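Please look through the model below with these numbered points beside you. They are meant to be read in order.

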Amino acid sequence: MSSDPAIALLRDLVAINSVNPTLVPGAPGEGDVARSIAETMRRAGLDVELHDAAPGRPNVVGVLEGLRPGRALMLCGHTDTVGIAGMEQPFTPIERDGKLYGRGAQDMKAGVAAMIDAARSIAKTGGLPAGRLVVAAVVDEEHSSVGADALVGRCRADAAVVTEPTDLAIAIGHKGFAWIDVEVLGKAAHGSRPADGQDAILRLGRVLAKLEALDRVLQARAPHPLVGTGSLHASIVAGGRELSSYPDHATLQMERRLTPVEREEDAIVEVRQILAAIAAEDPTFRASARMMFSRPAYELDREHDLPRQVGAALAKAGRSPVVVGASFWADSGVLGQAGIPSVLFGPGGAGLHSTEEYVKVDEVITCRDALVELARSYCSGVAAT
Ligand SMILES: [Zn+2]
């Protein structure tokens with residue numbers, strides 16, 4: 001078992017159930033883990049505040065002030081995890097062969113432990129020379145990021161590192177997404193009377209066939225250099241009441257993943273065009289689409305000071321920096337949209353959102369060491385070389 005304080009902290013965090021209650025009704029949410037994090041940061045000498053982003057779901061923000069003025073760097077990670085279905089011991093951190101297993105080990109209690117331990121280590125070794133280090137542990141990234149939304153409403157910084165798992169690569173962009181609800185109307189009728197009925201489910205099938213064709217077109221487009229192409233998939237379908245009746249109603253909930261050159265509105269326009277094309281062929285076809293929720297993609301200029309600074313800090317911690325794009329959406333999108341230039345940078349592992357999740361212990365420690373270097377140099381305003 002590693003005796004490194006970042007790993008000890010990670011074990012404590014994994015042991016606290018913080019399954020997102022919006023994803024899994026009845027789950028406890030982030031309250032307990034937030035209070036534990038607040039206590040850890042207070043003991044390390046940070047100024048700590050908790051504020052509810054949603055009822056009973058507190059963000060924790062700890063601030064370490066520098067000895068003289070400088071720049072403000074935010075380290076940000078989410079405290080919620082996805083559910084635990086199929087896992088035997090989700091909240092028992094187990095270390096084996098340099099890996100630490102448990103729900104949230106990689107996504108992303110490891111990144112949260114690394115950022116808190118980085119602040120703790122700086123506080124313990126003479127403090128931050130200049131500027132301000134803001135350590136933010138936010139709720140609800142795995143659903144709709146109400147935590148990050150609340151954070152940017154109260155807290156500013158000149159730059160941010162979101163410590164999501166990137167295998168210690170520096171991710172300067174990621175895809176966005178749009179969730180769309182499609183409703184197709186039919187006409188209920190006795191199953192023996194086809195002249196009276198309109199089958200909403202078969203009509204939804206026409207929509208699905210065109211969506212599949214659209215997905216092929218999207219994925220055949222020239223890939224964005226950081227994140228590849230856009231795509232879509234049908235997530236949830238529903239419809240029908242009983243075997244012997246024509247269904248009057250069918251619904252599809254779908255997701256479209258967006259590149260930085262695609263707008264959120266594009267996603268709904270594409271679907272409405274498909275519905276209009278089917279209606280043009282068949283005047284009895286009735287359907288509508290609406291956007292349920294969306295988040296834009298994010299991209300930071302490759303020449304921006306921040307990824308260079310992170311790269312220099314990582315090199316000092318003993319690893320060669322690599323700059324990439326991430327496929328998954330993350331809170332960096334919210335921070336970036338709020339005018340805080342952001343990158344993703346966190347330890348690697350495998351199995352996020354699956355039944356066997358782990359993080360590589362040595363990468364948690366390297367991440368922590370790089371964040372210590374970064375905070376000292378960035379907040380002092382030292383240019384990366
Ligand atoms: Zn995550």
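1. Aspartate 4 caps the N-terminal end of helix H1, with a side-chain oxygen lying 2.8 Å from the backbone nitrogen of alanine 6. Helices (H or I, at least four residues) and strands (E, at least two) are DSSP runs, numbered from the N terminus.

2. The model is predicted, so that local features need pLDDT of at least 70 and side-chain atom pairs count only at pLDDT 80 or more, while totals for chains, interfaces and linings use all residues. Residues are numbered from 1 along each chain as its sequence is written, and side-chain values use heavy atoms, with hydrogens and water left out.

3. Helix H1 (residues 5-14) is largely enclosed by the rest of the structure, because seven of its ten residues are buried; buried means under 20% relative accessible area, exposed over 50%, and partly exposed in between (1.4 Å probe, protein chains only). The buried residues of H1 are Ala6, Ile7, Leu9, Leu10, Arg11, Leu13 and Val14.

4. Serine 294 is found in strand E12 (residues 286-295), and it counts as buried because its relative accessibility is 18%. A polar contact of 2.7 Å joins the side chains of serine 294 and glutamate 264; such a contact is a pair of N or O atoms within 3.5 Å, and within protein one must be able to donate a hydrogen and the other to accept it, while residues adjacent in sequence count only if both atoms are side-chain atoms.
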